[in-house]
Each structure stands twice: as C-alpha cells, then as structure tokens.
Amino acid sequence: MQRHIKKVAIIGSGIMGSGIACHFANIGVEVLLLDITPRELTAKEKAKGLTLEDKIVRNRLVNDHLKNALKSKPSPIYNQKFANRITTGNITDDIAQIATADWIIEVVVERLDIKKSVFENIEKYRKPGTLITSNTSGIPIQFMSEGRSDDFQKHFCGTHFFNPARYLKLFEIIPGPNTTPEVLYFLNAYGEKFLGKTSVIAKDTPAFIGNRIGIFSIMSLFHMVKEMDLTVEEVDKLTGPVIGRPKSATFRTVDVVGLDTLVHVANGIYDNCPNDENHDLFKLPAFINTMMENKWLGSKTKQGFYKKVVSEDGKKEILSLDLNTLAYRPKKRAKFATLEMTKTIDNVIDRFKVLVKGKDKAGDFYRKSFAALFAYVSNRIPEISDDLYKIDDAMKAGFGWEHGPFQIWDAIGVAKGIEMMKTEGLTPANWVTDMLASENTSFYTVKEGATYFYDIPSKKQTKVPGQDAFIILNNIRKTTEVFKNSGVVIEDIGDGILNVEFQSKMNSIGSDVLAGINKGIDLAEQNFRGLVIGNQAANFSVGANIGMIFMLAIEQEYDEMNMAIKYFQDTMMRMRYSSIPTVAAPHGMTFGGGCELSLHADKVVAAAETYMGLVEFGVGLIPGGGGSKEMALRASDSFKKGDIELNVLQENFLTIGMAKVSTSGYEAFDLGLLQKGKDIIVVNKDRQIATAKAQAIIMAEHGYTQPMRRKDVKVLGKQALGMFIVGTDAMEASHYISEHDQKIANKLAYVMAGGDLSEPTLVTEQYLLDLEREAFLSLTTERKTLERLEHMLKKGKPLRN
C-alpha cells in the first residue's frame, strides 16, 4: 500500500502536542490540533460577557497552548508563517474532522484510563487504515489498544517524540501486539526521511530505549556524587562537552527538563523493572526527595541544582546547590588535571582512552561511571533491543551524546572496559565475552564506507541498515582522499563529484581553507563533474579567521591584508564562475565567510537547522569576502522583477547592518540569504551530503555551462546613499547606535549604493568588490574595531553580534 501523509490530527495540545504539531507544520503537513474544552470561564471572559458555549472560549486551551509554544525560545517552528498550516479545535465539537486525517497522534496526559477513553472516542470517527499512535513516554503499548477493533490494532503503535520535537532527533517506534510490519516499516522510513529523525524501533519495555539508558546514567551519577564527594559543578564539568555531551551536562539538563519529569520516569522504571540488576539504583537518594518536597524542580520553579539570584548591588549571579548541606552557595570553578591532558585532543572519541587513565578524582569518576554504563547497556540486550546500534542511536539522538555507549566502549577498548568493570565488581553480559571469543574485538567496524555492527545471534559483523541514503564522510575519508592540507580534505564521493571538507578549528576560513577550495575546483575542472563543499561537524563554518585579520591589523600589514581579502573574494568568485557546478551544504552556524561562501555557490542544499548570517558588524567590519557585493547584486536582480528599488536595497542593507541570523534554513530565504526556486532545504542532516551530490550531478547532466561574469548590476548611487546616511544620522542622534557603528554603517552604505554616483548606473561585480575591499580595509585601522576583534578572540567565541 502506497501511504501518503497529507494531514495529521494531534489530540492534546500541551508542550509536547503543540511541539509535535509545529514540527509537522515545519515539513509542510496540514495539522489539526485538538484539546478539551475549558470547565470554567476566566475573569476576562466573564467581563466580556462570554459563555462556555462561545467558540473562542471552547478553543481557548488549544489556542493558548499553541500561542505559548510559538512564542517559546528556541522556537518549535522553522518560520512563523508555517503556523498557518495548523488548524485548532476542541475534542467535543471537532473530533469528527479526524476522519480526514492520514495519521492520528494521541498526546494527552500520561494516564492509561484517559488514553483508553480517548482511543474509544477516536475509533468512532477514524477511517479504516488510518495510522493511530500514542506519544507515551512509558505506559505499555500493549494495554492501550485493548478492546479496540482489529483494524485499529493493526495500525496502532507508540511513537515517542523527544522534547523539544524540532530539535531532538530521536523517534522511538514501539509496536503493539498486533501492529503490522508495514506500519512499522512506513513509520521508520517516514521518521527518517520526512521528519528528519533518527528512527529506532524499540521493544515495549518500561521507558523504552532512550529513557531507560539515559535515566540510568543520571541516577547512577546521583548515587555516585555522594560516594565520591563531588560537587554539582564538578559533575557538570566532567559530563559536558569534554565527553561530547551538551553544555548543560547533567545537573543543568535536569534543571531544564524538570526534576519532577526525571523522577516520574525513574519511579516508573523502579516500579516496573523488579528484575533489573540495578533495581535499587532507581530508588531516589535522600537529597532528591528533599528537593522534590521543597519543589526545587529546576527552571520551572526558578531553582533546582542551580539558582539565579540578584545580589544587593543589582548583579545577576548563579548559585549552586551544595549536595551535603542542601544550601545554595556561589558557584565554584571545577578543574582536573585529567581534563587538562585532553585539551590538545580535538576529536572527542580520541579523549576517552586518556580520560580513563587519569590519576585524579576525574579519572576515578570516568572509570566508575563508564564501567557502570557499559555493564548496564550490555545487560539490556535483548531486553530493550536486539541490536546494540539502536541503543547508541537512541542516546545520540535523544540525549545529544556525540557517541553512544558502545562507541565509547570501542574507543576505550572492549577488553579494557571489562577490566574496569571487574575492578568495580561488575560483569558484562555473556554475549560480550562470547564476542571476544569469536575473534570480534570491537562492536563496530567500517568496510567500504559503511558501518557494520556486531550481530549477537550470528556472531558476525552486519551492516547497519538504512545507510544507503547517507554519505558518512568519517567512514570514507581515508580511502577516498585526493588532496589534503591543514585546512581541508578533498574526497572523491563518487559519480564524478568531489567534496571539500573543512578541517580547521570551528571550520573557520583562512588561507589554507581557501587554497583547498581552489584546489578542489582545479581538480574538479580537470577530471570530475562537480564540487560539493560540505562537512559533518557541529557547524558548517563560523566565518573567516579573525585571528589572522587582527594580527595583520595590529602589525599594520595593510598590503598583505589587502591581498588576503582579495584572495578570499577571488575564491568566492571562482565558486560562482567555474566550469563545473558548485554546491554548498551549510548547516548549524554558518556565519560571515561561511555565509559568503554559500552566497556564491551555484546551489545551496541547506540543512533545516541552519543559522546563517553576515555578522561582521559585530566586530566592527562589513562583509569583505563578497557578501556586501552579493547583497547589492541580489537587490539589483529584484529591481528587474518590479520591486520598489530603495525598499529592497534597504532590506538587504539591514540584513547586514543588524547582523541578522536566520533561526532556520527556511528563515534564510526571508533574509535574502537563500534564493527561492534555486536553493533547497533538507530536514535530515544525515542526508545532506548525498543530496548535495545528487544536485551537482543533475546540474552536470543537464549541461552545466560556465556563467558569464555580471556587468549589469544596477546601483542607485547618491539616491540610496543619501537615504542611508540620513537614517544612520538619525539613529546615532537618538543613541540607538554608537558613533563607531554609524561609521561602519556608512561604509556599508557606500558599497551597496555603488559609491556616490550621480545617477543609477549598471556596474560590474568587480567594481563592487573593489569598493567592498577598500571599505573593509579602512575599518581595520579603527581602534574600536581592533578592540572588538581582540574581545572576540579572548572570548573564543564565533563571530556573531
């Protein structure tokens, strides 16, 4: 059966329901969002003379929930305009509309009796064959569909989205007793391809996969902090980015999620998993019970493991909870010799061997915590999953771990992991020792660019399913490399397409990266059909190497800086005017020079989670790698469509002048950084390189011809320049911007107006590039600009206003 999802009905509009509704709207699906009717009027409704029968009252709960979701940050929706795809209603009046839905998702309160009542009501109106799923986080799926029809049960299962639905990629699919294989296959594929998720088919066990392992990991730490006399700050230092986990680490994450949420899941595991060998570990320690009694639940109650206060002098301060006294105190800095040893190790996966060898408290912590984790996950097979890779996928996608437990165990060494367990009095599952006995020394291997995992029943390495739609650069880099320098690796990704992968710190763009891009174009023009510029790091590129700019400015090497900026500009123009198609694949932070590179590609295949912007104003500069020129050019192209010239130019000026950054790939279209009808968005980042390659092939096969350099860019001269200067004068006079900001803005205005030409004129791109470079250079002589550059370098943060 060919199944298409055109409309989804979501029953329950709380934080989770509204978030799921927004994400379906993100991908273009029509959404019907329903909730219950209010039982009583608010004071405002009474004052207006409304009754419980008025539609505005009956839909108040669902509308308020959705409105709050749309105002929340980070936003659950790619673009606020997409909210128009969501229709709201209430279960009493509008339940019959679910007959037009292709998929119905229940997201009501976690009580089995309420869920069963909702399903009984749904079955009255649901058309046969419609998918029906529950977003439960722990109630057994088998109990929910009891008493429902055969058709209902065949099309029913659990679909557990993690909160927030837009950002967390785990999508657990839990079959019911009678769910058909076709339904599971469809949902697995739909989650990955359309929703951009990591789909994992889990067993119907308490907390499924992600929460079972994730809550074990947190509860293990809760018990360990007392044993090892660790502070809140120390644990968060040890369990954060240094091991590839989110910055919020452990205790800050619990504060954000809510301690009550964690306790609810932990209690569920404790009550429903009596045979778990770590059953007692899920029993809440005394300090957690006290926090629950005091309602120290985290962000929602303004205090948890951390508490934000305002001191007597008006300064904001974050206090930490002392786990021994349960009193708040000033935060203490956490420092460990073991962590210092990893500072020169860029790849997280390479740090684990060093961390477990540490001679201090940190080393003890890692040996204890990893030993406990390894023992636990090995003993959960086959209880929660038959395949070890699913556990790793769940932890990476649901909890933001860069590496799953079995990947970390591989990095440390399987035999070393067992040795650590024995020291702690733990034992792995028998299948692990059987694996080593069968001469399989690792859980994963890579063959011909594909990842294989140890399959327990066959005792052989088996290919992880679902990889064929992906190109995993880490798997192919060694075997497909055609060029490498300190800034890039160029890989042959097949079918006549090369990929330039940045390797610099934070993927910043310096001379080595520019040389790599030029080399990639050279190679592609000689022996290949097209070029992709993409990587699979956390961010595409944070922009140009501002350290180099700062040093040249301090040393007043202006001739050298002029050459460096021209080299950047020339490289961008080569991207635009080569004899082969170029495709940029931005994702995550795509700032400054990374954005300029994307602006000059023949096509952009952007991830939905792309945060793109020309942000140079933040350090007292204007875009100098062709970005200012390009925004003037794009304004000129809009003139030809009949748009009001000054208005369009002003919008593009403000995009740069206000250092606007898109909150998604889709919003980048609104900022003029992506072009409708040319550039495309992919929701699943894992598919991005493969999609970019496919687009390069299409352009090559359609007869790509090297474009002619533009000589028809219309600039408005004094007409636009006067408008901009009047505006910046007014803003400076009203103290909206500083005198230095005004100077930067006027430099940008001069470039985008095409100088002080007396009338609108057609100019070349090179004319604008020369103006741009001259303005950029002049700003590097400004003391305020140097101060901003130095401040940014000291903070070690990406270039952003």
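Ala, Val, Leu, Ile, Met, Phe, Trp, Tyr, Cys and Pro count here as nonpolar, Asp, Glu, Lys and Arg as charged, and the others, Gly among them, as polar. The model is predicted: local features need pLDDT of at least 70, side-chain atom pairs count only at pLDDT 80 or more, and totals for chains, interfaces and linings use all residues. Residues are numbered from 1 along each chain as its sequence is written.

**Second largest pocket**

A pocket is an open set of points on a 1 Å grid over the protein atoms alone, where a 1.4 Å probe fits, with protein on both sides within 12 Å along at least five of seven lines; lining residues have an atom within 4 Å of a point. The second largest pocket holds about 640 Å³ of space. Its lining has 27 residues, with Arg634, Ser638, Gly672, Leu674 and Gln675 nearest the centre. Twelve of the lining residues are charged, ten nonpolar and five polar. Helix α27 gives the largest share, six residues.

**Strand β7**

Helices (H or I, at least four residues) and strands (E, at least two) are DSSP runs, numbered from the N terminus. Two strands pair if DSSP finds at least two bridges between them.

| Pair | Sense | Bridges | Opposite residues |
|---|---|---|---|
| β6 (residues 156-161) and β7 | antiparallel | five | Thr159 and Ile173 |
| β7 and β8 (residues 198-201) | parallel | four | Leu170 and Thr198 |

β7, helix α9 (residues 181-193) and β8 form a right-handed β-α-β unit: with the strands pointing away from the viewer, the path from the first strand over the helix to the second runs clockwise.

Note on methods
Heavy atoms only, no water. Points joined across faces, edges and corners; volume = space filled by probe spheres on them.
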